[in-house]
Amino acid sequence: MNYGVTLNIRAYHFYVQVDFLNAMIGFQKALKVLDTIDRDIFRRADVFRNIGKLNYQEEDKEDAINYLLKANDIYVSVDDYLYQAYTLTDIGNVYDKFKEYNTAIKFHQKSLELAEKYNFTDVKVNALGNLGGSFRELGEYQKALTYFNRQKPFLTYDMSLANQIIFLYQIGYTYTLLNNSDTALEYLNKSLRLADSTNQQNELKVALGLRAETFERFGDYKLALKDYRRMDIIEDSIFN
């Protein structure tokens, strides 16, 4: 069992380092070891979930869903409601990635239901944000804002700086799509100030991209170009 767990941990390190080939090899090796141990179904579920998330990164929808469902079946069998909620979120994210938003919403709703029933605050925050994003992609902007704003009471509850920044720019960009430039820029500028002051480079880049799109939408091409150029600088600094 320890060997299987070690293989899983090593594979996850490859996954974090974006070495997906070696990550997949490691996860498959871990699964072969753990499959020989009948009582260790939870660790098998962990490997299934890792493989599913890896397939998501490689845009293999069918295998991603298949492995995530296998993981969820195990979590259901052992009444692990927290990891059910996590995995339902993962499945919803796969459907979002492939623009199947109505199906994604069903899984995000299930995750939210578990989070509310068992008071999983971090899962609840993510589920609300995911639902907001899915509805926005469907053009249901007011419903998206309703879900985004439901996150607000939890911003001070052990919520990461990155999530606070995401909250601000998600709302801001939704107002962009509603053609409300003043409110859009209010939220986007807040997200940029927070990202800049806390050195959250990845979220800063995303926020700049959304503000650049907003400037473009409202005809301010010089400011849009300025943000795009700054994005290029940040990307170079991240990878160098």
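Helices in this account are DSSP runs of H or I that cover at least four residues, and they are numbered from the N terminus. With that convention, the predicted model can be described element by element. The protein has twelve helices and zero strands, and from the N terminus on its elements run α-α-α-α-α-α-α-α-α-α-α-α.

The protein comprises 240 residues, of which 46% count as buried. Among contacts between residues at least 6 apart in sequence, 52% join residues at least 24 apart.

At its N-terminal end, α5 is capped by Asp-80, a side-chain oxygen of which lies 3.4 Å from the backbone nitrogen of Leu-82. Just after α5, Lys-99 takes a positive phi of about 60°.

Which residues of α5 are buried? They are Gln-84, Ala-85, Thr-87, Leu-88, Thr-89, Asp-90, Ile-91, Gly-92, Val-94, Tyr-95 and Asp-96. The elements that cover these buried residues include α3, α4 (61-77), α6 and α7 (121-137).

Thr-87, found in helix α5, illustrates this setting. Its relative accessibility is 0%, and Thr-87 therefore counts as buried, the cut-off being under 20%. The side chain of Thr-87 reaches the backbone oxygen of Tyr-83 at 2.7 Å. Not counting residues up to four places away in sequence, Thr-87 touches Arg-49, Leu-68, Ala-71, Asn-72 and Tyr-75.

Side chains of opposite charge can pair when their charged atoms come close. In this model the count comes to eight salt bridges. One of them joins the side chains of Asp-90 and Arg-49, with an N to O distance of 2.5 Å. Because Asp-90 lies in helix α5 (residues 81-97) and Arg-49 in helix α3 (residues 41-57), this pair ties together parts that are 41 residues apart in sequence. Are these two partners buried or exposed? Asp-90 is buried, and so is Arg-49.

A further salt bridge links Glu-116 with Arg-150, whose closest N and O atoms are 2.8 Å apart. Glu-116 belongs to helix α6 (residues 101-118) and Arg-150 to helix α8 (residues 141-150), so the pair connects parts that are 34 residues apart in sequence. Glu-116 counts as partly exposed because its relative accessibility is 39%, a value between the 20% and 50% limits. Arg-150 is also partly exposed, with a relative accessible area of 33%.

Asp-196 and Arg-230 form another salt bridge, the closest N and O atoms being 2.8 Å apart. Here Asp-196 lies in helix α10 (residues 181-197) and Arg-230 in helix α12 (residues 221-239), so parts that are 34 residues apart in sequence are tied together. Asp-196 is partly exposed, with a relative accessible area of 39%, and Arg-230, at 31% relative accessibility, counts as partly exposed. Elsewhere, salt bridges that share partners join Glu-116, Lys-124 and Arg-150 into one network.

Key. Residues are numbered from 1 along each chain as its sequence is written. This is a predicted model: local features need pLDDT of at least 70, side-chain atom pairs count only at pLDDT 80 or more; totals for chains, interfaces and linings use all residues. Side-chain values use heavy atoms; hydrogens and water are left out. A salt bridge is a side-chain nitrogen of Lys or Arg within 4 Å of a carboxyl oxygen of Asp or Glu. Helices (H or I, at least four residues) and strands (E, at least two) are DSSP runs, numbered from the N terminus. Buried means under 20% relative accessible area, exposed over 50%, partly exposed in between (1.4 Å probe, protein chains only). Contact means heavy atoms within 4.5 Å. A polar contact is a pair of N or O atoms within 3.5 Å; within protein, one must be able to donate a hydrogen and the other to accept it, and residues adjacent in sequence count only if both atoms are side-chain atoms.
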